Amino acid sequence: MTDHPPPSHPPAALSLRHKINLIFGLISVLVLGLLVTVQIQSARNSVREEIEASNRIAAQLLSRITWLSAMGGLEQLGGFLQETGRVRANEIRLQDQSGRLIYASPPSTYKAGRDAPDWYETLVTPHLPATTIVLAGGKLTVTPNPTRSVLDAWDDLKRIVLVEALLLLVADLLVFIILGRWLAPLDRIQNGLRAIERGDHAVRLPPLGGREAGELGRTFNRMAQAVEENFQVRQASADAQARLAAQREFTTLLHQRIEEERTALARELHDELGQSLTAMRSIAKSLMQQPALRDGSCQRSVQILFDTAGSTADALHRMIPRLRPIQLDGMGVADALRDLITELQLSHPALNLAFRADDDLPALSDATDITLYRIAQEALTNVIRHAGASHATVWLRQQGPDLCLSIADDGKGATRTLIRAGHYGLRGMQERTESLGGTLRFQPGAHGGLVVDVTIPMKGNHA
C-alpha cells in the first residue's frame, strides 16, 4: 500500500490590510524616487547654469587683464593672480611657453575635505570645455570646477531625501494603524462566516462602526437569520420525512400482518368451522331420518338445526372471500376483481357494474395483488353506500412501466373533502398505494361522478 502525500495547501494570501499597505509603500517609494529624480535634474541644471556663468565671467575678466603680461611679463600677471586668490568654480593655470607652471588656483576652503559621491558627480556635472587665453610668451587656462556646487546639491538632496523618507514612513505607519481600525469589522465578519461554516448558525454580529461596516454587519445578521431558519426548516422537513418513511414502513408491515392474519383466519374458518358446520348438517340430516325423532317437536328442532347450520355455512362462504379471495392464490387479481364485481352485481342489481382488464397483464407480487383488490373493494363499497350511482366501471391495465387501476362512477361525486375524521377507508387506500411507491388520485368524471385512479410502478412489484 503506497503512501500518498498529504494534500498541499495554497500559500496564505496577504490580508487586505497588508495589500493596501504594500501598495501605499510602493507608491511612497515611487514618489520618493520621482522626487530624487526631479531634484537631481534640478541640481544638474543649477550647477550647469552656475558654472557656465562663473566661467564666462572669469574668462572675460582675465581676458581684460592680459595687458599686464604685455607690460610686466608673465611673472607680474602671476603675482596679480596670486593676490586675487581663488575664483569660484574655476581652476586657473598660468604657464609659459615651455610649459612651466607659473600660477595655479589654490584649493577651495569651502567644505574642504568633502566631496559628493562619484556617481552623483557623474549625474549632475556638466561637460564644459576649458577656456585658453594665449598670452605673449605663455598661456592662461580657465577650467570649470563644479565640485563645490555639486557638493551643495548633494547635501540638499540628502536633506530632502531624509525628510521625505521620514514623512512617508510616518504616513505609512498612520495608514497602517488607520486601516487596522477601519478593517477590524471585516475580521469580525470573517470570524462570523467561519462560525456559520462550522455549523454555528446562531452566531450574530454586534453593531459595527462605520457606515459600510454597519450595513455589512446588518446584512450578515439577516443572512445568518435566514440560514438558521432555512436550516431549521430543512431539519424539520428531514425529520418529517423520516417520520413519514417510518410511518409508511409501519403501515406496510401492518397491512402485511393484517393480510396474513386474514389469510390465516380464512383458512381456519374454512378448514375448522366449515368442516364442523358440514358435520352438524350431516348429523341433523341423519337425525331427521330416524323414526324415533319424527314426532312434531323433535322434527322441527332438528330441521331448525339443519337450516341454521346451512345458513351459517353460507354466511361463512360469503365471509371467507372477503377475508382472502381464493382467486388471488390461483388466478391473480384480474379474476379476483371479476368475481368481486359479479358478487356485487348479484347483491345490488340496481347498479350496473362493468369490468375491463388487459389480457397480457404480467404476474404481480402478492402484496400488489392484495393492494389492488382492497382498493377496488373499498372504492366499490363507497360507490354503493354514498355515490347513488347507476353505473360503475373498473378498468385494470398496463401503461408503460406502470400498472393502472381506475374505478369510475356516474354518481353525485364528492362535494366535500374525501378524507374525513373517523373515516379511514380512503386513507387506507392512500396508504396502501404509497406503500408500493404508487400514487392515488381522485378527480371528477367526464360525465359526472368520481374517478379513482391508482398508478403503481411495475418495477419491484411484479412476481
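**Figure 1. Four strands in the order β2-β1-β4-β3 form an open sheet with antiparallel pairing.** Strands here are DSSP runs of E with at least two residues, and helices are runs of H or I with at least four, both numbered from the N terminus. Two strands count as paired if DSSP finds at least two bridges between them. At the edges sit β2 (101-104) and β3 (131-135), each of which pairs on one side only. From one strand to the next, the twist averages 15 degrees; axes are lines fitted to C-alpha atoms, for helices over the stretch in contact, and angles run from 0 to 180 degrees between N-to-C directions. This is a predicted model, in which local features need pLDDT of at least 70 and side-chain atom pairs count only at pLDDT 80 or more, while totals for chains, interfaces and linings use all residues. Residues are numbered from 1 along each chain as its sequence is written, and side-chain values use heavy atoms, with hydrogens and water left out.

**Figure 2. Here we look at the pairing of β1 with β4.** Strand β1 (residues 90-96) and strand β4 (residues 138-144) run antiparallel and are joined by seven bridges.

**Figure 3. Helix α8 (residues 333-347) meets helix α9 (residues 366-387), with their axes coming within 10 Å.** The axes cross at roughly 20 degrees, which makes α8 roughly parallel to α9 (a term for angles under 35 degrees). The crossing is right-handed, that is, the near helix is turned clockwise from the far one by less than a right angle. Contact means heavy atoms within 4.5 Å. On the α8 side, the contact residues are Val333, Ala336, Leu337, Leu340, Ile341 and Leu344; α9 brings Asp369, Leu372, Tyr373, Ala376, Gln377, Leu380 and Ile384. Eleven of the contact residues are nonpolar, one is polar and one is charged (Ala, Val, Leu, Ile, Met, Phe, Trp, Tyr, Cys and Pro count as nonpolar, Asp, Glu, Lys and Arg as charged, and the others, Gly among them, as polar).

**Figure 4. Strand β6 (residues 391-399) pairs with β5 and with β7.** Six bridges link β6 to strand β5 (residues 352-357), and these two run parallel; Leu353 has Ala392 as its bridge partner in β6. Gln399 has Asp402 in β7 as its bridge partner. The β6-β7 hairpin has two residues between its strands, and Gly400 in the turn has a positive phi of about 60 degrees.

How values were computed:
Parallel < 35°, antiparallel > 145°, perpendicular 65-115°, else oblique.
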